[in-house]
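Biologist: Please bring up the model, and let us go through some of its loops and backbone angles.

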Amino acid sequence: MRCGGCAGSGRALRLDPFGLPVRFSATDTTADGLLRDVELHRERVVLRRSVRGMRMALNMPIAAFDGISLSLLPREGAAADILAVMLKHSDPALTLPLFLTSQPLEALAEWRAWSEVLGVPLLLADLDPTARPANAQLGELQMERPRPRRRRRSALKARRPTILLRRMRGKVTLRTPVHRGEREIIARN
């Protein structure tokens, strides 16, 4: 994964979830040159790649993705395992890497930040390629964010706002005096 960074800083390059839109290049095994260019916005993703000389651009909404996945990538030898934060799609070729690290706390913070910014659910990936939602579970009871209440069947739906009770508009009847042809309506001494 490569992206534009500060020249000469010496820091590892990373994507900032709060600095969207962002452009970066990611590896793609089916594309020419094994690279694809990615534009990531809050509401859409644009993938540009060339396959067998044919250039293509895929413009997809963020809603087309399953969520932000946190997965463990095992490494051979004595090297530390890598945690990967990815924008997961049902098609594995469209899954985008967002952050790679060996520090668990950094990965957890980035995982939550990307989910918050893009508005997609958190996913935990097992060693198998499936990902499941990261919801808290207490025995048989599954904990999730409560749904917003609907006012359609509420007892309060028929009540009028209290501001309407404070301000009563005037009523015009036949007995209401009308002052036509007079110069002033306001009486002065």
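Biologist: Where is Leu 34 placed?
Modeller: In this predicted model, Leu 34 has a phi near 55°, a positive value in a residue that is not glycine. Most residues other than glycine have a negative phi. As for its place, Leu 34 sits in the loop between E2 and strand E3 (35-40).

Biologist: Is Arg 52 buried or exposed?
Modeller: Arg 52 belongs to the loop between strand E4 (44-51) and strand E5 (54-61). Its phi is positive, about 55°, although Arg 52 is not a glycine. The relative accessibility of Arg 52 is 81% and the cut-off is over 50%, so Arg 52 counts as exposed.

Biologist: Which form, cis or trans, does the peptide bond from Leu 20 to Pro 21 take?
Modeller: Pro 21 lies in the loop between strand E1 (2-3) and strand E2 (22-27). Most peptide bonds are trans. The bond from Leu 20 to Pro 21 has omega near 0°, and its form is cis.

Biologist: How many Å apart in space are Pro 121 and Asp 66, C-alpha to C-alpha?
Modeller: Pro 121 is in the loop between helix H1 (104-118) and strand E9 (122-125). Leaving out residues up to four places away in sequence, Pro 121 touches Asp 66, Gly 67, Ile 68 and Ser 115. Pro 121 and Asp 66 are 55 residues apart in sequence, while their C-alpha to C-alpha separation is 7.4 Å.

Biologist: What does Pro 121 count as in terms of accessibility?
Modeller: The relative accessibility of Pro 121 is 44%. Buried requires under 20% and exposed over 50%. Pro 121 therefore counts as partly exposed.

Methods:
Residues are numbered from 1 along each chain as its sequence is written. This is a predicted model: local features need pLDDT of at least 70, side-chain atom pairs count only at pLDDT 80 or more; totals for chains, interfaces and linings use all residues. Side-chain values use heavy atoms; hydrogens and water are left out. Helices (H or I, at least four residues) and strands (E, at least two) are DSSP runs, numbered from the N terminus. Buried means under 20% relative accessible area, exposed over 50%, partly exposed in between (1.4 Å probe, protein chains only). Contact means heavy atoms within 4.5 Å.
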